[in-house]
Amino acid sequence: MLIPKERQTYGIRVFHSSMKDLLNEDELPVAVNLLSVLIKGNNNKRWFLLRKKLLQSYPFVLLDSTIEKLHLYGILIFKEEKVTLAWKIKQIKYHEKYVDEIYKFVGKATLDIPIWMSNPFLSLPPPKTLHGEKLYKLLLEQKKLLIQNSEAIIIDTLGNQIVSSSTRKGYYKFIKILYGLYENAEQQRKEYWKIFSQRVFGDTKVIQLNDKKRIQQFFGTELEEFGIISERSEVVLSGEFTWEYEGYSASSLAFKDYIAFPRDMIKVMKLISWMPSSMLIIENSDLYFSITKSKLLLNKKWSILLGSGFVSSQEMSLVYQACDLGLKEIFIWPDLDPYGLQIAQDICRKLKGQKVSIYLFGFTEEFFEQVGIYKPLESYDIDAINKLLNQGGLQDKISKVLKKMKEEDKKAEQEILFSKLEKKDLYQCLLTESISL
């Protein structure tokens, strides 16, 4: 017998009046706080972190009784993992069919419905491709079902339900993604998920892991034929250099644009020659691949490393070796949020003692104003900004952009600026607009 390691659970009790009637008076503020966090941000929170935060304000017994009642009536869904002989809550989210009741309960008068929910089915030109035709038929079928039956369900090839219109937001987001995939198929677009999300929804983080899994359940894991490029997990590096691995030598000249090294290879490989005197470390993967494929920087003079957040020991291993072989300067290009600056500071700490100059690029008011597309700050962003400003020692340009983020309550990602940078000399921008760290 196969024993599952994870499961999702929720109760099936039905309530016919207000959610307030399900809870005791002392449980009400706990429920309001918890559900407010879920509807404000991503509806799929890690319970360990959320629980820790809530326990700062409420006793354990009160918190436990509140979530158990909400779970019993199906309002909360627990994603649990098996730990020895028991089940432990891993993640928590609200059931989307109760979204209206939740908004009323927490005191939000009206539910802000995105335009892709209020007007989900748009007119489409007739398809010209086979994949476009498949999507076209599916969208027409769903529209017809929703009009005739007031309900629609999407199922996979085995007859399993993927998503239903009763889940509202999940279903309409799936429909909007289908429209985006139709455009990809018809226009021969090739995009990573984040760029696709930005184009379709106006935000790089609207499409979550659950949304991707639903699409893969319907179409399969390989989505290149629908214009979605597979995401990578290797150490990705460009530039002109050679290395040795298990007695064999290789050159980056034999590869196009960049090289993706398996992470377990890094600890046993050794760089044996290094040509570039400068390195650009980019946090944002979409920006990285856009720049390397566009060849905005010459491989003989520049190496470009994909950071993808805080730089790992594998990436730093290559950087240390490059420093020993002649790397003279490193430019760090993070996202325009407080964690982007913390990533740059982390790299500086790790390179302490190395004979290399370090610069921060793209972290100024000018860049911030050019982005044009922003996201609101979360409470943890504001805490991080305050911490950075209070620590002191920041250059004036850096302090100003942090204060601007806080004043305007927004942050930004850098990949949006690529189209503007294409028209500029990136090399000159790096030299003239960077801040020495």
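The structure is a predicted model, in which local features need pLDDT of at least 70 and side-chain atom pairs count only at pLDDT 80 or more, while totals for chains, interfaces and linings use all residues. Residues are numbered from 1 along each chain as its sequence is written, and side-chain values use heavy atoms, with hydrogens and water left out.

The chain holds 18 helices and 18 strands, where helices (H or I, at least four residues) and strands (E, at least two) are DSSP runs numbered from the N terminus. Along the principal axes, the C-alpha atoms fill a box of roughly 70 × 55 × 50 Å. Of the 437 residues, 46% are buried; here buried means under 20% relative accessible area, exposed means over 50%, and partly exposed lies in between (1.4 Å probe, protein chains only). Among contacts (heavy atoms within 4.5 Å) with a separation of 6 or more, 72% join residues 24 or more positions apart.

The buried residues of α3 are Leu62, Leu63, Thr66, Ile67, Leu70 and His71. These residues lie on the same side of α3 because they cover an arc of only 160° around the axis, the arc being that of the directions from the helix axis to the C-beta atoms. An α-helix has 3.6 residues a turn, so residues three or four places apart point the same way. The partners of this buried set are β1 (6–9), α1 (28–40), α2 (47–54), β3 (76–83) and β4 (86–94). After α3 comes Gly74, with a positive phi near 80°.

With 19 residues, α7 reaches 27 Å from its first C-alpha to its last, close to the 27 Å expected at 1.5 Å a residue. This helix is mostly covered, as 15 of its 19 residues are buried. Two packed helices are described by the angle between their axes and the distance between the axes. For α7 (residues 169–187) and α9 (residues 209–219), the angle is about 65° and the axes are 11 Å apart. Axes are lines fitted to C-alpha atoms, for helices over the stretch in contact, and angles run from 0 to 180 degrees between N-to-C directions. The crossing of α7 past α9 is right-handed, a term used if the near helix is turned clockwise from the far one by less than a right angle. On the α7 side, the contact is made by Gly170, Lys173, Phe174, Ile177, Leu178 and Leu181, and on the α9 side by Asp211, Arg214, Ile215, Phe218 and Phe219. By class, the contact has seven nonpolar, one polar and three charged residues; Ala, Val, Leu, Ile, Met, Phe, Trp, Tyr, Cys and Pro count as nonpolar, Asp, Glu, Lys and Arg as charged, and the others, Gly among them, as polar.

Backbone angles deserve a brief look as well. Most residues other than glycine have a negative phi. Gln188, which follows α7, has a positive phi near 60°. Gln188 sits in the loop between α7 and α8 (193–201) and counts as exposed at 58% relative accessibility. Asp409 also has a positive phi, near 55°. Asp409 is placed in the loop between α16 (396–408) and β17 (410–411) and is partly exposed, with a relative accessible area of 37%.

Two further residues show how individual positions are placed. Val235, in strand β7 (residues 235–237), is buried with a relative accessible area of 0%. Leaving aside neighbours within four places in sequence, the contacts of Val235 include Ile259, Phe261, Ile266, Leu305 and Leu318. The C-alpha atoms of Val235 and Ile259 are 8.1 Å apart, although 24 residues separate them along the chain. Lys300, in the loop between α11 (285–294) and β13 (302–306), is exposed at a relative accessible area of 52%. With neighbours within four places again set aside, Lys300 is in contact with Glu240, Met275 and Pro276.

Note on methods
The expected span of a helix is 1.5 Å times one less than its number of residues.
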